[in-house]
Amino acid sequence: MIEARHLRVLRAVAATGSFSAAARELGCTQPAVSQQMKALEHSTGTPLLIRTGREMRLTQAGEALVRHAAGILAGLTAAEEEVAAIAGLRAGRVRLVSFPSGSSTLVPTALAALRAAHPGTRVSLVEAEPPRSVEMLREGDCDVALAFRYEGASATDDWSDLVVRPLLADRLVGLVPEGHRLAGAKTVAIGDLADEPWIAGCPRCRKQLVEVCEGAGFTPRIDFATDDYPAVIGLVGAGLGVAVLPELALESVRPKGARSVTVEPAVRREIVALTLPDLAQVPAVVATLDRLAGAAAR
């Protein structure tokens, strides 16, 4: 195998015409240059230099190797500089996937802070709900996944192969029309809404809603189901039913015509940032995780 350090020595010998001159240029000893040239000739399996007294000239193989060495060493230098830029956060890319309410609340604050601190780091964003977002991470389609799972859910998510960065506990709140009989209540037991028509959210949230309601002794009558939180709020505001939504979902949407109430028993979902163990060592990924944690702490 040809080593870069041997190519550098060969170029110096070719340029200066002797081992001693090459040693002075490279800042090493003449025996070290001679030793590295022997190692290079052994690697290539052919003589690269012809020694005639004090004069030294390249063989045909040596000329070919010197000709290619310039491009090889230039490419290595460029690669080293690019890697150093990425390691120093002067460059780099992070592919982020997030669920919608995270995209509208945590992500903007985190990415603004990241750009201010490291303007050379680029972040792309696509939206997906878990478990699809977690699948994308495992399949190599993203570097960081913003995801959630419900406390006490019947089917727990197995994230044992991933690096999990806890961000916050997001409590579910009730949402009723402004004119609803419970709109002014400080706390509402979920069983008090047993006879109401329901508006449900994403499939995972819908499943959690059914489990919580069944735990309270009833099965919710779901009249509408939508993944779009503003649509849920709009349907509630129009008096078409009641809903439970994560607090994050209410942060970026004005609940016109609807009133939020505290629901008991408390149901929370754990918001986390996930990445792969190898990616957790990449500076740009670490910086992204840190900024997401900072956004969640506000």
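Me: Let's start with Arg206: is it buried, partly exposed or exposed?

Reply: Keeping in mind that this is a predicted model, Arg206 comes out as partly exposed, with a relative accessible area of 25%.

Me: And which residue does Arg206 form a salt bridge with?

Reply: Arg206 forms one with Asp227, where the closest N and O atoms are 3.9 Å apart. The pair links distant parts of the chain, since Arg206 lies in helix α8 and Asp227 in the loop between β9 (221-225) and α9 (229-237), 21 residues apart. Asp227 also counts as partly exposed, at 44% relative accessibility.

Me: How many salt bridges does the count come to?

Reply: The count comes to 14, and among the residues involved are Arg132, Glu135 and Glu139, which are linked in a network.

Me: What about Asp290, which side chain does it meet?

Reply: Asp290 meets Arg165 in a salt bridge at 2.9 Å, N to O. Asp290 lies in helix α11 and Arg165 in strand β6, so this pair ties together parts that are 125 residues apart in sequence. Asp290 is partly exposed at 32% relative accessible area, and Arg165 is partly exposed at 28%.

Me: Switching to Glu41, buried or exposed?

Reply: Glu41 is buried, with a relative accessible area of 15%, whereas its salt-bridge partner Arg51 is partly exposed at 43%. The closest N and O atoms of Arg51 and Glu41 are 3.9 Å apart.

Me: OK, new topic. How many cavities of 30 Å³ or more are there?

Reply: A search of the whole structure finds 2.

Me: What lines the largest cavity?

Reply: Its lining includes Tyr150, Leu172, Arg206, Leu209, Tyr229 and Val244, and the elements that give two or more residues to that lining are β8 (197-200), α8 (203-215) and β10 (243-246). By class, the lining residues divide into 10 nonpolar, 1 polar and 1 charged.

Me: And which element gives the most to the lining of the second largest cavity?

Reply: That is α8, with 3 residues. The lining of the second largest cavity includes Leu172, Leu209 and Val244, and has 8 nonpolar, 1 polar and no charged residues.

Me: Last one, how do the residues lining the second largest pocket divide?

Reply: They divide into 6 nonpolar, 2 polar and 4 charged, with Asp170, Glu247, Glu251 and Arg298 among the lining residues. The second largest pocket has a volume of about 180 Å³.

Definitions and conventions
Residues numbered from 1 in each chain as written. Predicted model: local features only at pLDDT ≥ 70, side-chain atom pairs only at ≥ 80, totals over all residues. Heavy atoms only, no water. 1 Å grid on protein atoms, 1.4 Å probe; cavity = no way out; pocket = protein on both sides within 12 Å on 5 of 7 lines; lining within 4 Å. Points joined across faces, edges and corners; volume = space filled by probe spheres on them. Nonpolar A, V, L, I, M, F, W, Y, C, P; charged D, E, K, R; others polar. Helix = DSSP H or I, 4+ residues; strand = E, 2+ residues; numbered from the N terminus. Salt bridge = Lys/Arg side-chain N within 4 Å of Asp/Glu carboxyl O. Buried < 20%, exposed > 50% of the residue type's maximum accessible area, 1.4 Å probe, protein only.
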